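Student: I would like to learn how to read the features of a model such as this one. Please take them one at a time.

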Amino acid sequence: MAADRSTVHGSDLDIVAGNGLIHRRMFLTAGTAAAAAVASAALPNPAAADALPVEPWMKLPGSGFVGYGQPSKYEEKVARTWNTAPGTTGTGAARTPLQLLDGMITPNGVHFERSHSGIPDINPDTHRLLIHGLVKRPLVFTLESLGRYPRESRVAFLECGGNGQLLYQKEPAPVGVQAIHGLVSCAEWTGVKLSVLLQEAGVDPKAKWILAEGADAAGMSRSVPLAKAMEDALIALYQNGERVRPSNGYPMRLLLPGYEGNINVKWLRRIKVTEGPTMTKDETSKYTITLPDGKSLQFVLPQEGKSVITQPSPGLTMKEPGLYEISGLAWSGYGKITKVEVSADGGKSWANAALQPPVLSKALTRFRMPWRWNGGPAVLQSRATDETGYVQPTREKMIAARGNRTIYHANAITTWAVSDKGEVKHVYA
Amino acid sequence: MSTRSALLVAALGFTMASAVAFAAESPNLGRVATPEEIAAWDISIGPDGVGLPPGSGTPKQGETVYAAKCFACHGEKGAGKPNDQLVGGQGTLPGDKPPVKTVGSFWPYATTVFDYVRRAMPHNESKSLTNDEIYAVVAYILNLNGIIADIDIMDARTLPKVKMPNRDGFVTFSRGK
C-alpha cells in the first residue's frame, strides 16, 4: 500500500508499511538527517521537564553484599502467574511475564514451569540416572560422575505443548501475552550429550525409542524417538550458568531442542531403551491433537514456527503518540527463524522486522520494528517464517486445518488492538 | 590391488581406528546396574503388557478401592470433578461439540491405565497401592465404561488383551498433515 508520509513531522522517514511502520535504520543509524529531524521533533518542552534532584542514594553508602542477588525491589511485578489443579498447590503451570522482559534469554527465576505433582525436593547426592532396556550394559550414573563427562551448552527455547491454547477459544480472551503465551522461555542449557551415555551402554539395533521418566511423585514419563536422543539430546545440569532450578528439573533434566515442553522430562531418573513407544498417559490421553473427524494426531513433537509481539501488548499502555519500538519473540522447533514480518494495520501491509543477533536454531529470537504511533487505532501483528520456509498461520488458517477442539500446539498469529487512548487489548483480526 | 584401492582401505582403517579410539576414550563412569535394582525402578508398562506384575483384581474389588482412594477427586463412578472424568464420553470425539475425553472414550491402551495409576495415583500418595488394588481399580474403571464385564478378572495376562474403544483413533503426526 502507499506509504503515508503525512503523519511524519516533515522528515523523510522510510515508511515500510501502513499505519506508521518505519525502516529499522531509523533506530540503527544515529546522526542521519532523518534521525536528527525526528529527535528534535520529539524533544519535550524543557520547561515541563522534571528537575534533577540530588537523591539520598547519591550521598550515602548503599547496602552491602549478599550471597545470591535478587532483582530490585521496584521490579516485583516481574513475576510468574499460575493456575493449579483443584486440591493441589504444585500441579499446574506458571507463566513467564514476557511483556516485562527483553532480549532472548529468560531469567531462571521466571522461566515457565509445568509440573504434574509439585516440585520434588531432590537430594543431588542420592539422585541416580538409570539407563537400561535394550542395551548391552545397563548403567547407573551419579550427578558427580556426570560432572566428569565432556559438557556442551545449547541455547534452546522450551514451550509447553499447551501454550497459546486460548487462541482456540471462539472469542478472544481478554488477557495479555503472559496469560496467552507465557509457557515459553529460553535458556542456555549445559550438560552431557545423551548419545555419549547411550553409546557407553551399547544400544541394541532393534531399539527405536527410549522412555524418559522423572523422579517426581507423578513419575512423569514420555517416549522419545531414539533418533532424536542420538541427534541432539542433552542431560542438562546447568541453566543459564547455574545448576538447573528445582522447578526446571534439578539436578538433571532431559533437553530435546525444539520439542514440546512436556517431553523434556524433568528430575530425570530413568531412561529405558525400547523397541516401540511405551504409550504413556501424557503421549496418549493428553498431548495429542484431536481433529474434527475424531482422529487424534500423536507424537506431534517439534513446536511449529511462531511469534508474538511482547511490547506493546495488553497492560502496557502507550501514553502519547510518537516513536515506539515494536518488539517480540519468534521461534521454531524446526530450526532458525529467517524472517519476522510486522503489521500495524491488521495484516493489510507487512514489513520485515530486524532480527537481533544471535539468531540460533530452536532458540527464541528477538525481533524489533520501529513504529511511529500517530495516536489513532492500530492493529498489531507479527508473522514468523522459519528456515524450512514454514510461515506462521493466521488463526483462521490454523483452525481450518485442525479445528478448535484441541488445546495443543496453538501457533497462530496473535493480534493486539491499540485504541486511540493507547490501550492495548487482545482481539481476533 | 590398485594404489587407489589401497589408499581407500588405508583411509577406512584409519577411520575405524579413530572410532575405536574415541569409544575407548569415553569416560565410562557409569556402574553396571543389577537386575534387582532395575526391577525395583522399572515401573513402565508398554502396550504389550511386558513387565506387568503378579496379582489380579475384579470390578467389584475395585469399587472398594475407588471409594477409599479415588472418589474424592474423580467423583461418583468416575463422573469427574473436581478432577478428570474417567467414565463416559464415547461417541463425542468427532463433531462440533467439545470432545469428552475419558479412559473409556479416548485412552487407546488399558496397559496405560495400569501404568499411570501405579506411578502417579492417588495424587497425594502415589505408589502406595498394592498390585491387587491397582488391577482391581483399573478393572472397575474399565467396567464402568462398559469395556469389560462384571465377572472379568484383570491380571498380567488379561489386561493387555483388552481392546479399548479408541484403540485405532490415533495417527502418528508428520509435518504438513
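Student: Which residue stands opposite S296(A) in β4(B)?

Tutor: Strands are DSSP runs of E with at least two residues, helices are runs of H or I with at least four, and both are numbered from the N terminus. Two strands pair if DSSP finds at least two bridges between them. Here F170(B) is the residue opposite S296(A). Strand β17(A) and strand β4 (residues 170-172) of chain B run parallel and are joined by three bridges. The model is predicted: local features need pLDDT of at least 70 and side-chain atom pairs pLDDT 80 or more, while totals for chains, interfaces and linings use all residues. Residues are numbered from 1 along each chain as its sequence is written, with chains lettered from A and ligands numbered from 1 in the order in which they are written.

Student: How many residues does each chain give to the contact?

Tutor: Residues are in contact if their C-beta atoms, placed from the backbone, lie within 7 Å. Chain A gives 46 residues and chain B gives 40. Elements that each supply at least two residues on the chain A side include β6 (128-133), α5 (194-201) and β17 (296-298). That side has 17 nonpolar, 19 polar and 10 charged residues; Ala, Val, Leu, Ile, Met, Phe, Trp, Tyr, Cys and Pro count as nonpolar, Asp, Glu, Lys and Arg as charged, and the others, Gly among them, as polar.

Student: How are two packed helices described?

Tutor: By the angle between their axes and the distance between the axes. Axes are lines fitted to C-alpha atoms, for helices over the stretch in contact, and angles run from 0 to 180 degrees between N-to-C directions. In chain B, α5 (residues 110-120) and α6 (residues 131-144) pack at about 130 degrees, with axes 10 Å apart. That makes α5(B) oblique to α6(B): under 35 degrees is roughly parallel, over 145 roughly antiparallel, 65 to 115 roughly perpendicular, and the rest oblique.

Student: Which residues of α5(B) and α6(B) meet?

Tutor: A110(B), V113(B), F114(B), V117(B) and R118(B) of α5(B) meet I134(B), V137(B), V138(B), I141(B) and L142(B) of α6(B). By class, nine are nonpolar, none polar and one charged.

Student: What is the strand order of the open sheet in chain A?

Tutor: The order of its three strands is β3-β4-β5, with antiparallel pairing. Strands β3 (81-84) and β5 (113-115) of chain A are the edges, each pairing on one side only. Four bridges join β3(A) to β4(A), and N83(A) has A93(A) as its bridge partner.

Conventions
Contact = placed C-beta atoms within 7 Å.
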